Amino acid sequence: MIRFLAFAVLLAWPVAGQAAGPVDPDWPCVQRRQPQLSVAQLWSGPPVDAAIEARAKAPEIRRLAEVIALRRTSMNQAERLVEEFAQGATREDLTALFLATFGQIQTARDRVMAGITRYAHQQEALDSQIEDKRHRFQEMTEAEPQDFDAMDDLEEEIDWATRIFVDRQQALTYVCETPVILEQRAFALGRTIAAKLPRQP
Amino acid sequence: MKLIAAMASSVALLAGPAFADKIFVSNEKGNSVTVLDSDSLEVIHTITGMQRPRGITASPDGKVIYVCASDDNLVRVYDAATYEELPSLPSGPDPELFVMHPDGKKLFIANEDDNIVTVVDVETRQVLAEVPVGVEPEGMGVSPDGRIVVNTSETTNMAHLIDTESYEIVANVLVDSRPRFAEYTPDGKILFVTAEIGGTVAAIDTATNEITKTITFEVPGVLPEALQPVGLRVTADGSKAYVALGPANRVAVLDVASLEVTDYLLVGQRVWQLGFSPDGQFLYTTNGNSNDISVIDVASDEVTVSVQVGEQPWGVVAVKSD
């Protein structure tokens, strides 16, 4: 009985302690969902126009953007690379570099956001599987005669499924931090690039 | 990094006077208060031993720092010179934000979970009154003459005007969704109330308690839902107001005479609360997601530098150092 109570607590979905409010089945995180980042949130330099968008596609800019956007590139290293690039670069070049970097991070973030939604749906599916198994177990305990071997097997299945569910649920905290970490990186890089903008004539 | 140091030293040159002020920043997630020297903008001390510090303020003489330790359910008190912890004040549950009465003797504390404003005598550490207000009280402001304290309630969407002698609500003003902060102009004629979800600032005429203008914000390329006004401060001469716009990462500059927005300054991520330097030359902003504070030069409205502090900075207060 105690075990069943424990299940009931563990299976509460979404987890207790999350902010109250309408539950979005696609979004299990405590953090407010922000589907997209926008350039203006992160960039105070020259406005982005068609010419800058075209310049952002230049191979040398795209390559640099790919490197500095990566989280395994340290911020110090990214700063050095931007500084090298900034030698002789125009305001437009640097704006294009920011735009290309922003694009890289936005793409990575989109992947993470879609992943979180998939994760939420998998947890939901696992939750209902466990629920079904529990009902079956309940029926088996009430059946006559009782099939103890089948009951043991099912109990083990329930234990495993519950363990996986709980482990995943704990990992969710970290998974949910990822979009925020990416946004922080985009902002920090925007600030680094903006600091290198040549003064306006 | 070199650049930041260079910028910091240029700020130091501008600041001039030999005695640096101190900046105290509460770090909501870092469970600490970061202390910075206002000239060098270097972290000179970190006060620890508190849970979820949010609202932060100082006594009028700048000698004592008060911190709403939300998860400790009390107000922690520190000596601004030695950083020594002084006896705590009762606050009621989950204190988020408070305001010091101009007499320096009473703190008015918003208790988000209990729908009350707790009034505490900072000398005797006694609770003087508990004023029932709307659901989820949040922002607190006080009129320059000290006669009215304003509390905003997040869910009821009201600014409650509380008489500081009788502790009774004398007026309620309905504002936009999730009001966060209240601040008077120095002449006491206008009361500003920010509305985070509504995305607006209400300018309330204090003679009639009517809204004279609802100020809206617009930054090209930023989604309207990211424009969430939170903290607000008015310059000592009453000419300008600064509004922190949360996840828009910007501070809006408001001309008080015309109630028009004149500029948007990019500071740091999730800009939350604001505080002036004691001489009013600089405005400090707490940026919760980039874990830093930005310094705005009030004369030129330029963001001069950003400095890393603890995790998720929430509130800021600057005091004179002896």
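The following is a short exchange about a predicted model.

Guide: Residues are numbered from 1 along each chain as written, and chains are lettered from A in the order in which they are written. In this predicted model, local features need pLDDT of at least 70 and side-chain atom pairs count only at pLDDT 80 or more, while totals for chains, interfaces and linings use all residues.

Visitor: Why is Pro247(B) called buried?

Guide: A residue is buried if 20 or more other C-beta atoms lie within 10 Å of its own, exposed if 12 or fewer, and partly exposed in between, with C-beta atoms placed from the backbone. Pro247(B) has 22 other C-beta atoms within 10 Å, so Pro247(B) is buried.

Visitor: Which residues does Pro247(B) touch?

Guide: Contact means that the C-beta atoms, placed from the backbone, lie within 7 Å. Leaving out residues up to four places away in sequence, Pro247(B) touches Ala226(B), Gln228(B) and Arg270(B).

Visitor: What makes S24 and S27 of chain B edge strands?

Guide: Strands are DSSP runs of E, at least two residues, numbered from the N terminus, and two strands pair if DSSP finds at least two bridges between them. The open antiparallel sheet runs S24-S25-S26-S27 in chain B. Strand S24 (271–276) and strand S27 (302–308) each have a single partner strand, so one side of each is left without a neighbour in the sheet.

Visitor: How do you know that S26(B) and S27(B) pair?

Guide: Strand S26 (residues 292–297) and S27(B) share six bridges, in the antiparallel sense, and pairing asks for at least two. In S27(B), Ser306(B) is the bridge partner of Ser294(B).

Conventions: Helix = DSSP H or I, 4+ residues; strand = E, 2+ residues; numbered from the N terminus. Contact = placed C-beta atoms within 7 Å.
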